[in-house]
Protein chains: 2
Amino acid sequence: MAQPARTAGPLRYSLPMKKTTPKNAFYAQSGGVSAVINASACGVIETALRSRHINRVYAGRHGIIGALTEDLIDVNRESAATIRALRHTPAGAFGSARFKLKGLEQNRAEYERLIEVFRAHDIGYFFYNGGNDSMDTALKVSQIGASLGFPITCVGVPKTVDNDLPHTDCCPGFGSVAKYVAVSTREAALDVASMARTSTKVFVLEVMGRHAGWIAAAGGLAGHGLDEPPHIILFPEVAFDGQRFLERVRQSVTDYGYCVIIASEGAAYADGKFLADAGTRDAFGHTQLGGVAPVIANMVREAHGYKYHWAVADYLQRSARHIASRVDVEQAYAVGKAAVELAVKGVNAVMPTIVRKSSRPYRWTIGHAPLAAVANKEKKVPREYIRADGFGITAACRRYLEPLIAGEAYPPYRDGLPDYVRIKGVPVRRKLTTQYQVK
Amino acid sequence: MAQPARTAGPLRYSLPMKKTTPKNAFYAQSGGVSAVINASACGVIETALRSRHINRVYAGRHGIIGALTEDLIDVNRESAATIRALRHTPAGAFGSARFKLKGLEQNRAEYERLIEVFRAHDIGYFFYNGGNDSMDTALKVSQIGASLGFPITCVGVPKTVDNDLPHTDCCPGFGSVAKYVAVSTREAALDVASMARTSTKVFVLEVMGRHAGWIAAAGGLAGHGLDEPPHIILFPEVAFDGQRFLERVRQSVTDYGYCVIIASEGAAYADGKFLADAGTRDAFGHTQLGGVAPVIANMVREAHGYKYHWAVADYLQRSARHIASRVDVEQAYAVGKAAVELAVKGVNAVMPTIVRKSSRPYRWTIGHAPLAAVANKEKKVPREYIRADGFGITAACRRYLEPLIAGEAYPPYRDGLPDYVRIKGVPVRRKLTTQYQVK
């Protein structure tokens, strides 16, 4: 049983420490969402609500847009059960935004507007849950706040299914999409193997990762050895060579009876041109924007005539909370919690990181890195994680990836479907008379 | 605690009943596989191994092809643990085949060859696990066996993700793909809702069902009411009207901020032409066979300019044992078990069916129907299950579908991945010197 809250009151102020006036906190989600970004929100919010340094907790409706337009959600108005349920609810419960603040020189007004809103709502802590771009924004906000005489503690909360943030061993969001892709690859490969004798011989699964092949690499966890699927992985990090690829497909079908291919959406030719931009056109001659999977499947058909199937997982892969990695959920919560703990200690312009202590058994802890070191940088799959032939993962890569998909963290179900939560989203009363038009 | 097996032995032969010489049984998987066809295999095999009327259990390697080429798998050589694990393993563990036997008139030799192999291996029971076509084959085998003086008891075991077999309330395999589609729709829709303010406004998920819209209908379980996703379902049963569709998309984006669309691969114009065959071409002008999802997404882009994403679930949906419906797994096992129980009672040329006793609470039992009534017939989604506007499901449809996705039946995991079983697949020694070339 928890200690009655009223006894905490008197004690709190009797402690002989520097008395700070509690400030409000602002949390926002940014960029493409994931299966566990709300678990980070849960970590931030539960920790902030318990902190004596933080008064009220606000969230941006649709991320930073909510701050610019003074459309804040009053998180204190949500029930404890709702906040707890965020841990098992995918996507961005508060709304996210693909909105990159321009450089300070180009659009100083945006930053000044943010500070205006933060000042009006007495916000002293800014938690920005996103990827590379967002870390850059959080850094700039901390700088402009100081220069405008409104110092604000800005802590980034890492999130990206692409796993491409530097200075952290992995990124919350990645482990769950990795598990989804590994599981789906194993399952679909069993299907193809069943049918290959008389039907489909080649199967292509397209996965996310425009610039880094981490998600594609995760597909490699589905099998061991050259004879087990996936037989081919196409990484953005390895220039696509059509002839070598088609020869490998033929060899796989000859040797094993079928061929399972994981294709990163970022698979590209040596000149950097994406396979997906091969210029397919509809019946009217209009360019059709589309996946890499059908492009590859057509190549195979034209070269070999094999019957094929292809799948494009798209948003399914990054929202698949039903098959989330337990490790990923725990890490997502932990970075949210750590962000608040760092902020209330006065640590500014940092991002909590995940530090690997050992792989087998897997042990990790939380560290932190300066935002300046993280912002706008990308971590690609290193060459030693990609097999010499460029079509698979190495043992080192498996050792890195395997712990990240470990454990299951099933959501509760009702009527056969996951019981995901929706926030009430009560707006905070506006204090400014000024409007801001988001361009 | 189970009764010790040794006491069963003596008792068995002391019963005063007609003594029949045990025969061998042959089991084969047919057509597209599912997440639970192996659960039916498990039901057939476990029941057959326990039956005193059945001697050995054989399976066709790659379905009926295995019978024609005398490539039989000795199921008795598999461990009890392997057989048990089939219940949680997707796809066709013995290999399936897309191979429809021709009519008796066109290719009598195929049927005679089957009887030749069955006679050589003393097979008295034929269990054929498949859809409409397979029930037709099983019926013909029973007829030709009798006419050739080698009577064989043929029982079909229903399996089709398409849910289009008549005389059964539902088809094993469907409940799990329905659950996959409903769960994925709910999850992806949360993703789109998070992003719609600044990014993707329209999301299209393509699902299976070339002629019947049952799988597409299952997507409708993800939400309630017009304002909840999916906002539009495209059924094969409803002629596609581009103008009405585009107007509904615009309305959904205007009213709710986004639009989630479930498109059956069988969505077609009034003249029967599939949307997927719209004739998209690659850069070289070659026809590109492809999904309906990119075709629809392009329509939306050209009409409205909305940012869109699309996914094609393809084999992922029908192999997704990790999110199987518990009801589906139980029914798949039950029809396999019932098939054997019927056969050893001498009931010939039938298929066990699932009989619904009530929807709320859901109660069902096993019945059976003559193969002649099932073969080559298709059950489409009735009009009263489709909303008047053609874009959604009715309350009656929800009442029908909801019990079929009820309950979870998670497979065991190892190293973060489902621990699916592989059979040893020991071949039965050939007895025939004749070869058979499958055309």
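Guide: Axes are lines fitted to C-alpha atoms, for helices over the stretch in contact, and angles run from 0 to 180 degrees between N-to-C directions. This is a predicted model, in which local features need pLDDT of at least 70 and side-chain atom pairs count only at pLDDT 80 or more, while totals for chains, interfaces and linings use all residues. Residues are numbered from 1 along each chain as its sequence is written, and chains are lettered from A and ligands numbered from 1 in the order in which they are written.

Visitor: At what angle do helix 5 and helix 6 of chain B pack?

Guide: Two packed helices are described by the angle between their axes and the distance between the axes. In chain B, helix 5 (residues 108-120) crosses helix 6 (residues 132-147) at about 75°, and their axes are 10 Å apart. Helices here are DSSP runs of H or I with at least four residues, strands are runs of E with at least two, and both are numbered from the N terminus. Helix 5 and helix 6 of chain B are therefore roughly perpendicular (65 to 115 degrees; under 35 is roughly parallel, over 145 roughly antiparallel, and the rest oblique).

Visitor: Which residues of helix 5 and helix 6 of chain B meet?

Guide: Helix 5 of chain B contributes Tyr111(B), Leu114(B) and Ile115(B), which meet Lys140(B), Val141(B), Ile144(B) and Gly145(B) of helix 6 of chain B. Contact requires C-beta atoms, placed from the backbone, within 7 Å of each other. By class, this helix contact has 5 nonpolar, 1 polar and 1 charged residues (Ala, Val, Leu, Ile, Met, Phe, Trp, Tyr, Cys and Pro are nonpolar; Asp, Glu, Lys and Arg are charged; the others, Gly among them, are polar).

Visitor: How many helices and strands are there in chain A?

Guide: Chain A has 14 helices and 13 strands. Its radius of gyration is 24 Å, close to the 22 Å that the globule rule gives for 439 residues, so chain A is as compact as a globular protein of that length (the radius is taken over C-alpha atoms, and the rule is 2.2 Å times the number of residues to the power 0.38). The C-alpha trace of chain A spans about 75 × 50 × 45 Å along its principal axes. Of the 439 residues, 57% count as buried, which requires 20 or more other C-beta atoms within 10 Å; 12 or fewer make a residue exposed, and values in between partly exposed. Among contacts in chain A between residues at least 6 apart in sequence, 76% join residues at least 24 apart.

Visitor: How many residues does the contact take from chain A and from chain B?

Guide: The size of an interface is often given as the accessible area lost when the parts come together. Here the description is by residues: 64 from chain A and 65 from chain B. On the side of chain A that touches chain B, the elements giving two or more residues include helix 7 (174-195), helix 10 (292-304) and strand 9 (308-312). Helix 7 of chain A supplies the largest share, 12 residues. This side of chain A divides into 31 nonpolar, 19 polar and 14 charged residues.

Visitor: Which backbone features deserve attention?

Guide: Most residues other than glycine have a negative phi, and most peptide bonds are trans. The bond from Pro229(A) to Pro230(A) is cis, with omega near 5°, and Pro230(A) lies in the loop between helix 8 (214-219) and strand 7 (232-234) of chain A. The bond from Pro229(B) to Pro230(B) is also cis, with omega near 5°. Ala91(A), though not a glycine, has a positive phi of about 70°; Ala91(A) sits in the loop between helix 4 (80-85) and helix 5 (108-120) of chain A.

Visitor: Is Ala91(A) buried or exposed?

Guide: Ala91(A) is buried, with 28 other C-beta atoms within 10 Å. Asp415(A), whose phi is near 55°, is exposed, with 12 such atoms within 10 Å.

Visitor: Where is Ile423(B) placed?

Guide: Ile423(B) lies in the segment after strand 13 (417-418) of chain B and counts as buried, with 22 C-beta neighbours inside 10 Å. Ile423(B) and Ile83(B) are 340 residues apart in sequence, yet their C-alpha atoms are 8.3 Å apart. Leaving aside neighbours within four places in sequence, Ile423(B) is in contact with Glu78(B), Thr82(B), Ala93(B) and Phe94(B).

Terms used: Two residues are in contact if their C-beta atoms, placed from the backbone, lie within 7 Å.
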